[in-house]
Amino acid sequence: MTTVKELLTDSEDRMKKSVATLQHHFSTVRSGKANVHMLDEIMVDYYGTPTPLKNVSSVTTPEAQLIVIQPWEKQLVGEIMKAIQKSNLGFNPLSDGQVVRVPVPALNEERRKELVKLVKKMAEEDKVAIRNVRRDTLDHVKRLLKDHKISEDEKDNAEIDAQKLTDKYIEQIDKLTSAKEAEVMAV
């Protein structure tokens with residue numbers, strides 16, 4: 001039998017994971033400064049298999065406006081260059097045959113506004129995920145009441161606790177979103 005406490009603990013774990021996922025997605029959004037996570041979504045053709053860039057090279061940011069990619073195999077330089085150019089990130093990689101250098105250009109105002117919209121969209125999707133966790137929890141609590149495994153008071157308390165958790169994690173999302181917006185809009 002699942003208890004209300006176990007149910008709420010599981011809900012909180014799911015909400016934490018959702019916020020952590022959002023933080024990761026925010027780290028991939030350009031903010032004008034070089035960040036190794038900007039390239040996390042790039043897949044390189046590695047002997048016919050799409051492979052994440054970070055699995056075939058080391059990625060560093062030696063300067064605020066530069067990402068340096070050191071492939072573990074020299075023949076991957078061309079594949080890495082193609083993958084970055086196809087990514088629609090707006091980067092123009094350069095290579096000397098050994099390493100790939102990716103200058104990170106400053107963002108113009110229009111692009112910053114587009115990125116803020118993207119950040120807000122990601123945040124809203126995450127809020128929906130949090131609310132879905134709450135809905136699932138409340139459905140489960142109602143089933144427990146219907147099956148006479150909990151009392152009406154326990155159901156009411158569980159609903160209040162689920163709402164408190166939801167509010168807590170929605171507030172975290174709002175704080176993360178505000179911080180990312182400020183980072184993107186900073187000149």
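**Figure 1. The loop between H3 and H4 holds His-148.** In this predicted model, His-148 has a positive phi of about 60°, although the residue is not a glycine. His-148 counts as exposed, because its relative accessibility is 73% and the cut-off for exposed is over 50%. The two helices that this loop joins are shown in the next view.

**Figure 2. Helices H3 and H4 pack with their axes 10 Å apart.** The view shows H3 together with H4, which covers residues 152–185. The angle between the two helices is about 170°, so H3 is roughly antiparallel to H4; angles over 145 degrees count as roughly antiparallel. By class, the contact of H3 with H4 contains 15 nonpolar residues, 15 charged residues and four polar residues.

**Figure 3. Lys-121 is a residue of helix H3.** Lys-121 has a relative accessible area of 51% and is therefore exposed. Thr-177 lies 56 residues from Lys-121 along the chain, and the C-alpha atoms of the two residues are separated by 9.9 Å.

**Figure 4. Helices H1 and H3 come within 10 Å of each other, axis to axis.** H1 spans residues 4–27 and H3 spans residues 109–146. Their axes cross at roughly 170°, which means that H1 is roughly antiparallel to H3. The residues in the contact of H1 with H3 divide into 15 nonpolar, five polar and four charged.

**Figure 5. Tyr-47 sits in the loop between strands E1 and E2.** Strand E1 covers 43–46 and strand E2 covers 49–52. Tyr-47 is not a glycine, yet its phi is positive, at about 55°. With a relative accessibility of 60%, Tyr-47 counts as exposed.

**Figure 6. Pro-62 belongs to strand E3.** The strand runs over residues 57–63. Pro-62 has a relative accessible area of 54%, so this residue is exposed. In sequence, Pro-62 and Ala-34 are 28 residues apart; in space, the distance from C-alpha to C-alpha is 8.9 Å.

**Figure 7. The whole protein, for orientation, has four helices and six strands.** Along the sequence, these elements follow the pattern α-β-β-β-β-α-β-β-α-α. Taken along the principal axes, the C-alpha atoms fill a box of roughly 70 × 40 × 25 Å. The radius of gyration is 22 Å, whereas a compact globule of 187 residues would have one near 16 Å. Of the 187 residues in the protein, 37% are buried. The accessible surface comes to about 10900 Å², and carbon and sulfur atoms account for 52% of this area. Among the contacts with a separation of 6 or more, 63% are between residues 24 or more positions apart.

Technical notes
Residues numbered from 1 in each chain as written. Predicted model: local features only at pLDDT ≥ 70, side-chain atom pairs only at ≥ 80, totals over all residues. Heavy atoms only, no water. Axes fitted to C-alpha atoms, helices over the stretch in contact; angles between N-to-C directions. Parallel < 35°, antiparallel > 145°, perpendicular 65-115°, else oblique. Nonpolar A, V, L, I, M, F, W, Y, C, P; charged D, E, K, R; others polar. Rg over C-alpha atoms; globule rule 2.2 N^0.38 Å. Buried < 20%, exposed > 50% of the residue type's maximum accessible area, 1.4 Å probe, protein only. Contact = heavy atoms within 4.5 Å. Areas by Shrake-Rupley, 256 points an atom, 1.4 Å probe, with all protein chains shown as cover.
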